[in-house]
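My entries follow in the order I looked things up.

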Amino acid sequence: ASWLVQRGIDLYTVKELLGHSTISQTERYAHLAPDTFTRAVQVLEEEQPKSQGKILSMGGDE
């Protein structure tokens, strides 16, 4: 678990791979990836695609 978390694998995936019954068992390894929040914020701050904000029709009458 330590190696996976240190390499950026998300806790849910680690939980499933190791067969932990609850996420709280896996959360004890979260301290090994302190830059996770920083990376998440960077993703949110990246330039959004130009199509964002356009309303897309869900119907077939375009």
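**Entry: L32**

I started with L32, which is partly exposed because its relative accessible area is 24%. The cut-offs I used: buried means under 20% relative accessible area, exposed over 50%, and partly exposed in between, with a 1.4 Å probe and protein chains only. L32 sits in the loop between α3 and α4. I then checked L32 against V5: they are 27 residues apart in sequence and 6.4 Å apart in space, C-alpha to C-alpha.

**Entry: ground rules**

This is a predicted model, where local features need pLDDT of at least 70, side-chain atom pairs count only at pLDDT 80 or more, and totals for chains, interfaces and linings use all residues. Residues are numbered from 1 along each chain as its sequence is written, and side-chain values use heavy atoms, with hydrogens and water left out.

**Entry: confidence and fold**

I looked up the confidence next. The protein averages a pLDDT of 82, and 76% of the residues score at least 70. pLDDT is the predictor's confidence in each residue, from 0 to 100.

I counted four helices and zero strands. Both are DSSP runs numbered from the N terminus: helices are H or I with at least four residues, strands E with at least two. From the N terminus on, the order is α-α-α-α.

I also noted the surface. Of the 62 residues, 10% count as buried. The protein exposes about 5600 Å², of which carbon and sulfur atoms supply 56%. These areas come from the Shrake-Rupley method with a 1.4 Å probe; for residues, only the protein chains shown count as cover.

**Entry: the N-terminal end**

I found A1 in the segment before α1. A1 counts as partly exposed because its relative accessibility is 25%. A1 and T26 are 25 residues apart in sequence, yet 7.8 Å apart in space, C-alpha to C-alpha.

W3 belongs to helix α1 (residues 2-6). W3 is exposed, because its relative accessible area is 72%. I checked W3 against V14 too: eleven residues apart in sequence, 10.0 Å apart in space, C-alpha to C-alpha.

**Entry: both ends of α2**

At the start of helix α2 (residues 11-18), I saw a side-chain oxygen of D10 reach to within 3.2 Å of the backbone nitrogen of Y12. After α2 comes G19, with a positive phi near 75 degrees.

H20 lies in the loop between α2 and α3 (23-27). Is H20 buried or exposed? H20 is buried, because its relative accessible area is 18%. Its side chain makes a polar contact of 2.7 Å with the side chain of T26. A polar contact is a pair of N or O atoms within 3.5 Å; within protein, one must be able to donate a hydrogen and the other to accept it, and residues adjacent in sequence count only if both atoms are side-chain atoms.
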